Amino acid sequence: MIRRKTEEGLVNEAFTALGKEFGAKVYEIDGYDNAIDNAWDGCVEIDFGKYGRINAILEIKGRVTRNYIGAVAFRFREMAEYTPLLVTDYVNPILAEDLRRAGVQFFDTCGNIFIDQAPLYIYTRGNRPKKEYGEVIPRAFKPKGLRVVYALLCNPGLVNHTFRE
């Protein structure tokens with residue numbers, strides 16, 4: 001059960017990336033001691049097939065910075081009897097290494113992951129977010145192109161002139 005609806009898209013995207021990268025299946029768990037007294041954002045079971053499965057509580061954070069690592073590491077150490085996982089939008093390679101050194105298990109929407117639950121050890125970093133390309137605007141509708149169109153509309157005879165004239 002994911003508590004915050006605004007984070008649902010981020011989590012679904014991260015679960016999809018986890019499935020594509022590792023063939024993992026993620027199942028939401030209702031309850032799990034009511035997400036440990038509502039202090040966590042959700043509870044899931046992640047099945048890695050023949051490699052094992054883990055039950056985890058989720059901390060969902062849209063953007064993670066280096067300043068956040070200490071606080072989340074301390075919070076994760078408090079919950080050592082559970083498997084806390086940080087779910088985020090993107091973890092760059094340097095931040096991934098810092099999170100790993102701090103013992104913070106995570107996965108993101110790009111397929112970067114660190115899980116250290118014996119016998120399961122996964123550490124992947126370096127996957128980048130896909131660039132979303134917008135609609136290509138023809139040159140004629142950019143500022144300089146609009147000037148040319150305007151000049152042609154005002155002086156139709158310019159069509160027969162060379163570029164330099």
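The buried residues of helix H3 are covered by elements that include E3, E4 and H4. Contact here means heavy atoms within 4.5 Å. Helices (H or I, at least four residues) and strands (E, at least two) are DSSP runs, numbered from the N terminus. H3 spans residues 66–78, and its buried residues are Tyr 68, Ile 69, Val 72, Ala 73 and Phe 76. Buried means under 20% relative accessible area, exposed over 50%, and partly exposed in between (1.4 Å probe, protein chains only). An α-helix has 3.6 residues a turn, so residues three or four places apart point the same way.

The model is predicted; local features need pLDDT of at least 70, side-chain atom pairs count only at pLDDT 80 or more, and totals for chains, interfaces and linings use all residues. Residues are numbered from 1 along each chain as its sequence is written, and side-chain values use heavy atoms, with hydrogens and water left out.

The chain holds five helices and seven strands. Their order along the sequence is α-β-α-β-β-α-β-α-β-β-β-α. Of its 165 residues, 37% count as buried.

The largest nonpolar core has 20 residues, and Ile 46, Phe 48, Leu 58, Leu 85, Val 87, Phe 107 and Ile 115 touch the most other members. Two or more residues each come from H1 (8–22), E2 (42–47), E3 (53–61), E4 (84–88), E6 (113–117) and E7 (120–124). H1 gives the most, with five residues. Another core, of 19 residues, lies apart; Cys 43, Val 72, Ala 73 and Phe 76 are among its members. A nonpolar core is a set of buried Ala, Val, Leu, Ile, Met, Phe, Trp, Tyr and Cys residues joined through side-chain atoms within 4.5 Å. Beyond four places in sequence, Val 87 touches Leu 10, Val 11, Ala 14, Leu 58, Glu 59, Ile 60, Lys 61 and Phe 107.

Gln 105 sits in the loop between H4 (93–102) and E5 (106–108). Gln 105 counts as buried because its relative accessibility is 8%. A polar atom of its side chain lies 2.9 Å from the backbone nitrogen of Asp 116. Leaving aside neighbours within four places in sequence, Gln 105 is in contact with residues including Phe 76, Leu 85, Phe 114 and Ile 115.

Definitions and conventions
Polar contact = N/O pair within 3.5 Å; in protein donor to acceptor, adjacent residues only side chain to side chain.
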